[in-house]
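Hi,

Here is the structure I promised to pass on. Have a look at it first, then read my notes below.

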Amino acid sequence: MLLQDLTEVYEQVRGTSSKLEKVALVSELLRKTPSETLPLVCYLLRGRVFPEYSAQELRLGWSSIRAAIRAVTTVTNEDLTAAYNKFGDLGSAVELIFEEKPKISISFVSEPLTVEECYTALVKIATLSGKDSVRRKKAILIGLLNKSSPVEAKFIVKTITGEMRYGFKGGLLEEAIGQAFSVDLEVLRKAYMVRSDIGEVARIAQEQPETLLSLSIMLGRPLRPMLAETADNLEEGFKRFDKALFEFKYDGARLSIHKDNEEVHIFTREAAEVSTSLPELVADIKQIPHSFIVDCEIIPFEHSPKAFQGLIKRLRRKHRVAEFVRKIPVKLYVFDLLYLDGTSLIDTPLINRRERLKTVIQPTEQIEIARCIVTKSGAEARIMFQESLDLGFEGLMIKNPHSLYTPGKRGFEWLKLKSEAETLDLVVVVVEYGHGKRANLLSDYTFAVRDREGNLAPIAKAYCGLKDPEIEEMTQYFKGIAREQHGRTFLVEPNVVVEVKFGEIQKSSLYDGGYALRFPRIKRIRWDLSVDEIDSIETVEKIFQRQKRSS
Ligand code: AMP
């Protein structure tokens, strides 16, 4: 398949703001794609070379990419810098340069690039390591760029730098796959939640769609975590279930751990592998007999729970890992067992999974099983709630003891009850320069919820309330994801999810959604959440109704 077929669609998708059209364009492309190339096309459409869960990286630095661009064109260093500054990304810069500057060495037989050839070259770049690898990686890129059109060069460079932003985010690829192969979107999403590999799921949708529903979980392959709805109070659990299973709710990051003999893989909730940043946990887990998958929460912990911010410095760290193991000790609370010695347990009731968990995990200094009770008694639950808060945890999870594990699904089988004033997870859609000493910083944000049609609906605008160095970092980040600029205001890709505190919710004609938050302020940036996981207008309404009842 020609790379040009892919980049043409990429340009068309970038050029339209209609979601329907974007999905139609991509589904048409997927329908025409041969099955062995389909996974590659899906990864590339996601701006990646490998499936989401893979820890493999291209590791080709900026200076190598710049050197490769200079090797195939007559561009000077100054012109390259000027082109970069114009767009803020190397991909767009290379497109401009290719349009303006003649290439030095045009191949004699100028066969057009194919997707397969380009993909194989990118995989090769990722796998080369050791002495001389930088030179060899650069040589491969030069080979690719030599054969590329301006748009293809942009596509390749953006894939390498991880800057493939073209307005095709979230679940649009799933929608396109569903449309291309006439597969129900829910079925497709379920399969994706279990396998975390969009390329594999697309291929199955094309070749054997009837098997999608029965895909089983796999050791070493992250599945998306089951999610909880918000409970108003402890009694809600008893209303919903005869007896409820109460667990401490820890305020950290969700992890799933896969252990297969000597091999240990630790994944975040977005299926990114973070094992190398947590060597002390890997070492402990290696000691446990059995092959298993467990679901857990990690928190910074030194005698008591510490601030969540510490975790950001620990997870995904690649350098000075040992130093940070000492500086920011962590604790892992395991609360579920999803797979044991060859058998998936996701269709086993929680209460039985919990029983078996006790037989597998032997607590260590840094690994514990989450505290839990099963009870009908409100008094017992209240004591446990208070105990959780006294110990510095976040509240309680209330779970149906008979619930099965549904990957990636937010439902009422699991409920969460926090002590704190309400917060909402919202996405930043507009950013503006501030005033006074923040005149050069993008410090005022507009936040959106998900409306009933699945669109983003603004609900509040606020000065972000972050610390200055953070605002500076965010200013750079937002400039990189800006879609449009109007004076001092930027419309940005909805990438940054924030947990927002507020005074109360008001009915308001200011926003299309009909509600506005009073006194909104950011509690923290939720890098662990994607735009698909933000709160909905229904949740806003629910809080609004509750507010009315209690006022
Ligand atoms: P929230 O992030 O506020 O939506 O709350 C749900 C999150 O709480 C889950 O995704 C987990 O990361 C976390 N959590 C903490 N303790 C538990 C627990 N015992 N069971 C399930 N999730 C937990």
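Which atom of the ligand does a polar side-chain atom of Lys399 lie 2.9 Å from? A nitrogen atom of the ligand. On its own the ligand exposes 490 Å², and 94% of that is buried by the protein (areas come from the Shrake-Rupley method with a 1.4 Å probe).

A quick note on the source: this is a predicted model, where local features need pLDDT of at least 70, side-chain atom pairs count only at pLDDT 80 or more, and totals for chains, interfaces and linings use all residues. Residues are numbered from 1 along each chain as its sequence is written, and side-chain values use heavy atoms, with hydrogens and water left out.

Back to the ligand. An N or O atom in the side chain of Glu297 is 2.4 Å from a ligand oxygen atom, while Tyr250 has a backbone N or O atom 3.0 Å from a ligand nitrogen. There are 14 residues around the ligand, counted if a heavy atom lies within 4 Å. Glu247, Glu297, Lys399, Lys416 and Lys418 come nearest. By class, the shell has nine charged, five nonpolar and no polar residues (Asp, Glu, Lys and Arg count as charged; Ala, Val, Leu, Ile, Met, Phe, Trp, Tyr, Cys and Pro as nonpolar; the others, Gly among them, as polar).

One last thing: domain 2 (227-418) and domain 3 (423-550), with bounds from an automatic or database assignment, both line the second largest pocket, so that pocket lies between them.

Cheers

Key:
Polar contact = N/O pair within 3.5 Å; in protein donor to acceptor, adjacent residues only side chain to side chain.
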